[in-house]
Amino acid sequence: MKAGELCNREVVTATRETTIPEAARLMRDHHVGSLVIVESREGCMEPVGIITDRDLVIEVIAEDIDLDTVTVGDVMSYALLKISEQESVFDTAQRMRARGVRRVPVISETGKLIGILALDDMLELLSEELSLLAKLTSRESEQEQKKRAPTRPQSPE
């Protein structure tokens, strides 16, 4: 399966100028743990960073920084791993593991943001696949028992 098929296409975004309280409200209102930071380039929104709820807690709140003195651009992760919508989910998982990230923006060939793929999405897909395999095993046993004829007549009791 390709990343573009599995990703969530409803991405909550912000800009570098977004305030920390605004970012927190966006996360709360949309029930998400991260925002993809975007910039408009040649008419399309391109991802340039990401900020997570953990970033807000560790980088701002725990450091007791005045919320009016920083923006998302001051706190976001710039070393952003982006993946092509054509990349396989397996390859994406390997790249995510190597970089130690749980979420990645998915981009088109032109660099336009089209979705976000999270570890949770991959785990859900994997659990569905494993469930299907488990059902196959039990179904195989049922079919075998139906096909098998008794080898000797059963005696009445």
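Buried means under 20% relative accessible area, exposed means over 50%, and partly exposed lies in between (1.4 Å probe, protein chains only). By that rule Glu-46 is buried, because its relative accessible area is 15%.

This is a predicted model: local features need pLDDT of at least 70, side-chain atom pairs count only at pLDDT 80 or more, and totals for chains, interfaces and linings use all residues. Residues are numbered from 1 along each chain as its sequence is written, and side-chain values use heavy atoms, with hydrogens and water left out.

**Salt bridges**

A salt bridge is a side-chain nitrogen of Lys or Arg within 4 Å of a carboxyl oxygen of Asp or Glu. How many salt bridges does the structure hold? The count is six. The table gives three of them.

| Salt bridge | N to O distance |
|---|---|
| Glu-39 and Arg-16 | 2.6 Å |
| Arg-41 and Glu-46 | 3.4 Å |
| Arg-95 and Glu-87 | 2.7 Å |

Take the pair of Glu-39 and Arg-16, whose side chains meet in a salt bridge. This pair links distant parts of the chain, 23 residues apart. Glu-39 sits in strand S2 (residues 34-41). Arg-16 sits in the loop between strand S1 (13-14) and helix H2 (20-30). Helices (H or I, at least four residues) and strands (E, at least two) are DSSP runs, numbered from the N terminus. Glu-39 counts as partly exposed because its relative accessible area is 23%. Arg-16 is also partly exposed, at 24% relative accessibility.

Arg-16, Glu-39, Arg-41 and Glu-46 are linked in a network of salt bridges.

In the bridge of Arg-95 and Glu-87, Arg-95 is partly exposed at 34% relative accessibility. Glu-87 is buried at 14%.

**Cysteines**

A disulfide is a covalent bond between the sulfur atoms of two cysteines. Here it is counted as a pair of cysteine sulfur atoms within 2.5 Å. The structure holds zero disulfides.

**Surface patches**

Patches are made of residues with over 30% relative accessible area and no salt bridge; like charges are joined within 9 Å, and nonpolar side chains (Val, Leu, Ile, Met, Phe, Trp, Tyr) within 5 Å. Lys and Arg count as positive and Asp and Glu as negative, while His and the chain ends are not counted. The place of a charge is taken as NZ of Lys, CZ of Arg, CG of Asp or CD of Glu. Accessible areas come from the Shrake-Rupley method with a 1.4 Å probe; for residues, only the protein chains shown count as cover.

Which residues gather in the patch of negative charge? They are Glu-59, Glu-63, Asp-64, Asp-66 and Asp-68. Asp-66 lies in the loop between helix H3 (53-61) and helix H4 (72-75). Its relative accessibility is 44%, so Asp-66 counts as partly exposed. Asp-64 is found in the loop between H3 and H4. Asp-64 is exposed, with a relative accessible area of 69%.

A nonpolar patch also lies on the surface, formed by Leu-119, Leu-123, Leu-126, Leu-130, Leu-133 and Leu-136. Together they have about 560 Å² of accessible area. Leu-126 belongs to helix H6 (residues 119-147). Leu-126 is partly exposed, at 46%.

**Backbone and loops**

Asp-64 has a positive phi of about 55°, although it is not a glycine. Glu-42 also has a positive phi, near 50°, in a residue other than glycine. Where is Glu-42 placed? It is in the loop between S2 and strand S3 (44-52). Glu-42 counts as exposed because its relative accessibility is 83%.

Thr-19 lies in the loop between S1 and H2. Thr-19 is partly exposed, at 29% relative accessibility. Thr-19 and Ile-51 are 32 residues apart along the chain, and their C-alpha atoms are separated by 12 Å.
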